[in-house]
Amino acid sequence: ASAEPREASVQDRCILTGLMAQTAMGERLAGTDIGQAMEKMTERYMVVAQNDATRAFVERQIARVARGIYRLPQSALNAVPKSDYEIFARDAGKAEYQLCMEALTGNPAKAE
C-alpha cells in the first residue's frame, strides 16, 4: 500500500462542499459574521487537505460557499424560525452538494 494520500473523488469533494455550505448557513443563521464563519470553516475542513491541490480546493470552496451564503438577504433569513435553523442549514448543504455534483459530472445528483 502506498503512503501517498489518495486524490479526493468528485463525490468526496462535493460532500465536503455540501458540509461547508451547511456550516456556513448555520453560522449565518446564528449571527456569526463572514470572517468568523470562514475561520471556523478553515479550522474544520482544512484537516482533510493532504496535499497542495486539495488545500487549494478547500480554500477556494470555503471562500466561494461563504460568499454565496452571506450574499443572501438577511430579510429572507429572518423568516426562518430558530427551531428550523438546523434543518435549513442541512438543506442548504444538500442543495450545494447537488449543484456541485451536477457541475462536476454533468448529471444531477440526489442528496440523501
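How many disulfides does the count come to? One, by the rule that a disulfide is a pair of cysteine sulfur atoms within 2.5 Å. The tour reaches that pair after a look at the whole chain.

This is a predicted model, in which local features need pLDDT of at least 70 and side-chain atom pairs count only at pLDDT 80 or more, while totals for chains, interfaces and linings use all residues. Residues are numbered from 1 along each chain as its sequence is written, and side-chain values use heavy atoms, with hydrogens and water left out.

**Whole chain.** Show the protein as a cartoon. There are five helices and zero strands, in the order α-α-α-α-α from the N terminus. Helices (H or I, at least four residues) and strands (E, at least two) are DSSP runs, numbered from the N terminus. Of the 112 residues, 36% are buried (under 20% relative accessible area; exposed is over 50%, partly exposed in between; 1.4 Å probe, protein chains only).

**Helices α1 and α5.** Select residues 10-29 for α1 and 85-105 for α5; the two pack at an angle of about 150 degrees, with their axes 7 Å apart. Axes are lines fitted to C-alpha atoms, for helices over the stretch in contact, and angles run from 0 to 180 degrees between N-to-C directions.

From α1, the residues include Val10, Ile15, Ala21, Met25 and Leu29; from α5, they include Tyr85, Phe88, Ala92, Tyr97 and Leu104. The residues of this contact divide into 14 nonpolar, seven polar and three charged. Here Ala, Val, Leu, Ile, Met, Phe, Trp, Tyr, Cys and Pro count as nonpolar, Asp, Glu, Lys and Arg as charged, and the others, Gly among them, as polar.

**The disulfide.** Select cysteine 14 and cysteine 100, whose sulfur atoms are 2.2 Å apart. The link is left-handed, with -75 degrees about the S-S bond. Cysteine 14 lies in helix α1 and cysteine 100 in helix α5, so the pair links distant parts of the chain, 86 residues apart. Both cysteine 14 and cysteine 100 are buried.

**Threonine 23.** Stay on helix α1 and select threonine 23. Why does threonine 23 count as buried? Because its relative accessibility is 9%. Leaving aside neighbours within four places in sequence, threonine 23 is in contact with Met41, Arg44 and Tyr45.

Methods. Contact = heavy atoms within 4.5 Å.
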